[in-house]
Amino acid sequence: SMKDFFKKIHFVGIGGIGTSSLAQFFLKKGYVVSGSDIKKSEITEFLEKKGVKIFLGHKKENLPEGKFSLIYSLACKKNIEVLEAKKRKAKVFSFPEALGVLTKKYFSICISGTHGKSTTTALVSLGLIRAKKDPTCIIGTKLKEFKNSNFRLGKSKILVLEADEYENAFLNYHPNVIVITNIEKEHLDFFKNEKNIIESFKKFGLNLKRNGFIVVNEDQKNSKKVGEWLKKKGKKVIFASLKEETSDLIKKFLKIPGEHNLSNALLAWKVLKELGVKKEIILKTFFEYKGAWRRMEIIKKRPFILISDYAHHPTE
């Protein structure tokens, strides 16, 4: 429960896209939030404006007095502040462990896969908001719809989040709904090979809470394979393919370009339909979605077109 966290929370690597989201969650819930990072960024400045005490550089003195919890970004495991907090018997969590606690408490929709997580998470979140389901959303990119933030606090029991597989982070989560966009070779510093990645996604699928469901992209061989395996294990699996007629309908409404985005939107459609959101609401959401920060984002059109994109993988 939330009693796992003391009223004071310090974040190490607070400028990260995940950690900064969680920092906003605790801030809005009335916790005293501080954090450190090696350098200033748009994100740390944004948090500072919201009332987070930010330290630049890592040192023991940054830690709060008395009882506190510490949440660290996976990039900061061996950090001096993390080691000191453990010495002081603070409650120490990695970012995925802390998020894992939240997923137990909420009806959690976890969106996983090598590519397409942020776009799919955004479409599911915006569809639920439009359907008045008021979700809390933790996204790996900034959205204009969230006033340029990567976070939104909702009043309902629904939590939508990106579930990252790196270092098996997502094995900490307890989802009611899982989406698997695709599974490709990535993070080989950790996984070593594709077989280990596939095994990890299978394990993640087994974390599904009772009466939950999994939406899988069956156009990609690895995700299809994992979906079929989970179905054999008795999980409710919904397959999505661009060969379905629904994808032609979505294509008429979706504004963001590319077949990969059509696939992301179809997965979002399946989740929203299963959660009882009306077709008109979903299509309107797709029609109005302009894309996210650094996802084929057009920065300017004149005197030349400048696009910012986060593609950092050969298939992207």
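In the predicted model, an open sheet is built from five strands in the order β3-β2-β1-β4-β5, with parallel pairing. Strands, like helices, are DSSP runs numbered from the N terminus (E, at least two residues, for strands; H or I, at least four, for helices), and two strands pair if DSSP finds at least two bridges between them. Because β3 (53-56) and β5 (91-94) stand at the edges with a single partner strand each, one side of each is left without a neighbour in the sheet. From one strand to the next, the twist averages 20°. The model is a predicted one, in which local features need pLDDT of at least 70 and side-chain atom pairs count only at pLDDT 80 or more, while totals for chains, interfaces and linings use all residues. Residues are numbered from 1 along each chain as its sequence is written, and side-chain values use heavy atoms, with hydrogens and water left out.

Helix α1 (residues 17-28) lies across β1 (8-12), β2 (32-37) and β4, and runs at about 170° to β1. Axes are lines fitted to C-alpha atoms, for helices over the stretch in contact, and angles run from 0 to 180 degrees between N-to-C directions.

The residue F151 is placed in strand β8 (residues 149-152). With a relative accessible area of 3%, F151 is buried; buried means under 20% relative accessible area, exposed over 50%, and partly exposed in between (1.4 Å probe, protein chains only). When residues up to four places away in sequence are not counted, F151 touches S21, Q24, F25, K28, T136, C137, I138 and F146, contact being defined as heavy atoms within 4.5 Å.

Two helix pairs were examined next. Two packed helices are described by the angle between their axes and the distance between the axes. Helix α7 (residues 194-206) packs against helix α8 (residues 221-232) at an angle of about 40°, their axes being 10 Å apart. The two helices, α7 and α8, are therefore oblique to each other, where angles under 35 degrees count as roughly parallel, over 145 as roughly antiparallel, 65 to 115 as roughly perpendicular and the rest as oblique. On the α7 side, E194, I198, F201, K202, G205 and L206 meet N222, K225, V226, W229 and L230 of α8. By class, this contact of α7 with α8 comprises six nonpolar, two polar and three charged residues (Ala, Val, Leu, Ile, Met, Phe, Trp, Tyr, Cys and Pro count as nonpolar, Asp, Glu, Lys and Arg as charged, and the others, Gly among them, as polar).

For helix α9 (residues 245-253) and helix α10 (residues 259-274), the axes come within 10 Å and cross at roughly 110°. Helices α9 and α10 are therefore roughly perpendicular to each other. In this pair, T246, S247, L249, I250 and K251 of α9 meet L262, A265, L266 and W269 of α10. The residues of this contact divide into six nonpolar, two polar and one charged.

Strand β12 (residues 236-240) contains I238, which counts as buried at 16% relative accessibility. With residues up to four places away in sequence not counted, I238 touches F213, I214, V215, V216, K270 and E274. Between I238 and N217 the separation is 21 residues in sequence and 8.8 Å in space, C-alpha to C-alpha.
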